[in-house]
Amino acid sequence: MYTVKAYAATSATSPLAPLSIPRRDPLKHDVQIDILFCGVCHSDIHHVRDEFGSAMPTIFPIVPGHEIVGRVTSIGADVTKHNIGDIVAVGCLVDAESTCPHCRVNREQYSPTKVLTYNSPDKHGTAPATYGGYAESIVVDERFVLRVPGNLDLAGVAPLVCAGITAYSPIRRWGVTKGQKVGIVGLGGLGHMGVKFARSLGAHVVLFTTSPRKREDALRIGAHEVVVSRNPDEMAAHVNTFDFILDTVSAPHDLNEYLALLHPEGNLTLVGASAEKIDVSAYSLIFGGRSLSGSLIGGIAETQEMLDFCGEHNIVSDVEVIGMQDINEAYQRLEKGDVKYRFSIDMSTLKNT
Ligand code: NAP
Ligand code: ZN
């Protein structure tokens, strides 16, 4: 075991502050990674504030961060996928039993045996819970360590392994392709990646926002059209026209308004994780045979496919790079929707805090 500096919250109302945490020494299948950048996901805030409640209670202290990019500094004796010096990424998952039926079909995210990067019981017993990427380094089983294409800016790569894959996976699953009309709801971390992926696959992309000031950015990022969702006339113009809608909103809102925009047999996939119950009218689904589904990040093979796709298409997240000392202010700004469009922490700043 060794000790690293990290940033942690000790209660749902505490600011994040420096804390020394233990990491295991690399085992034979482990990769030890010096963290270079870590993205700031809205889920980090939900967890730190214990907003998922009994569904996913937070174990304190919590070290958030599941959008990790770093350099390999050490490998276990049996590691074959990675070498010392490689630039790699770690997303929301750090373990799962490979014999589980979900893992066998590359859907580790739905495995009851999955271990999340933070706030999961630590099966190695190094600490009461796994600790995430707001830290100097991390040790992860090689199966959950991803290769990073060499042509991409690393600050913008970090968010790909949560925000990116969470948008990419349902977009691929529902077969988004050239000529389709696709809606993305919310221009935040997930939403701006959804716009980029849907556009790069050839769809006609409409971005729904509550923030009229984001219109120009949405068009620059790749949307063909922008709809201010609080304007009923703008919404009405799109009734019955969408093949697919990806909803990334982090707060309660009316899904029936969006279901009405799908054409018959269209799908709305929810990835935004508001803890509130959702009120959906049966008629919104039945008339038109529409479907509503959810989606959780993506499996490891699909995450690698997404990173390779980003390498080929030169796609990264639009980031504001911050220092570790700015994290509490960044949380306040993220809660107000004041970020373009993901914070990425330059982890070299941690040592100065
Ligand atoms: P984010 O950057 O804060 O973006 C969320 C966007 O939702 C905002 O930019 C805003 O867009 C819109 N929004 C916020 N409050 C709203 C309200 N009251 N009414 C309508 N729209 C509102 O967050 P994120 O990191 O992209 O995460 C989005 C959600 O996905 C979070 O709940 C997060 O926990 C969840 N998540 C889920 C998964 C998964 O696997 N399913 C993975 C990662 C994150 P506009 O200003 O454009 O309206
Ligand atoms: Zn996330």
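The donors of the zinc ion (ligand 2) are spaced along the chain as C-x24-H-x95-C, donors being N, O and S atoms within 2.8 Å of the metal (3.2 Å for Na, K and Ca), with water not among the atoms, so sites may look incomplete. This is a predicted model, in which local features need pLDDT of at least 70 and side-chain atom pairs count only at pLDDT 80 or more, while totals for chains, interfaces and linings use all residues. Residues are numbered from 1 along each chain as its sequence is written, chains are lettered from A and ligands numbered from 1 in the order in which they are written, and side-chain values use heavy atoms, with hydrogens and water left out.

Reader: Which parts does the pair Cys41 and His66 tie together, and how many residues apart in sequence are they?

Author: The zinc ion (ligand 2) is coordinated by Cys41 (SG), His66 (NE2) and Cys162 (SG), at 2.0 to 2.2 Å. Cys41 lies in the loop between strand 3 (30-40) and helix 1 (42-48), and His66 lies in the loop between helix 1 and strand 4 (68-75), so the pair ties together parts of the chain whose separation in sequence is 25 residues. Helices (H or I, at least four residues) and strands (E, at least two) are DSSP runs, numbered from the N terminus.

Reader: Is Cys41 buried or exposed?

Author: Buried means under 20% relative accessible area and exposed means over 50%, with partly exposed in between (1.4 Å probe, protein chains only). Because the relative accessibility of Cys41 is 3%, Cys41 counts as buried. His66, at 8% relative accessibility, likewise counts as buried.

Reader: How many of the 11 residues of helix 4 are buried?

Author: The buried residues of helix 4 include Ala163, Tyr168 and Ile171. Among the elements that cover them are helix 5, strand 13 (242-247), strand 14 (262-270) and helix 10, where contact means heavy atoms within 4.5 Å. Helix 4 is mostly covered, and the number of its residues that are buried is nine.

Reader: What distance does helix 10 reach from its first C-alpha to its last?

Author: Helix 10 covers residues 300-313, which makes 14 residues. The expected span of a helix is 1.5 Å times one less than its number of residues. For helix 10 that expectation is 20 Å, and the reach from its first C-alpha to its last is close to it, at 20 Å.

Reader: Which residue just after helix 10 takes a positive phi?

Author: Helix 10 has buried residues that include Ile300, Met306 and Phe309, and what covers the buried residues includes helix 4 (163-173) and helix 5 (189-200). Just after this helix, phi is positive, at about 55°, in Asn314.

Reader: Is Glu265 buried or exposed?

Author: Glu265 is found in strand 14, and its phi is near 65°, a positive value in a residue other than glycine. Because its relative accessible area is 68%, Glu265 is exposed.

Reader: Where is Pro61 found?

Author: The peptide bond that runs from Phe60 to Pro61 is cis, with omega near 0°. As for its place in the chain, Pro61 is found in the loop between helix 1 and strand 4.

Reader: What is omega for the peptide bond from Lys340 to Tyr341?

Author: Tyr341 is found in the loop between helix 11 (327-335) and strand 17. The peptide bond that leads from Lys340 to Tyr341 is cis, and its omega is near -20°.
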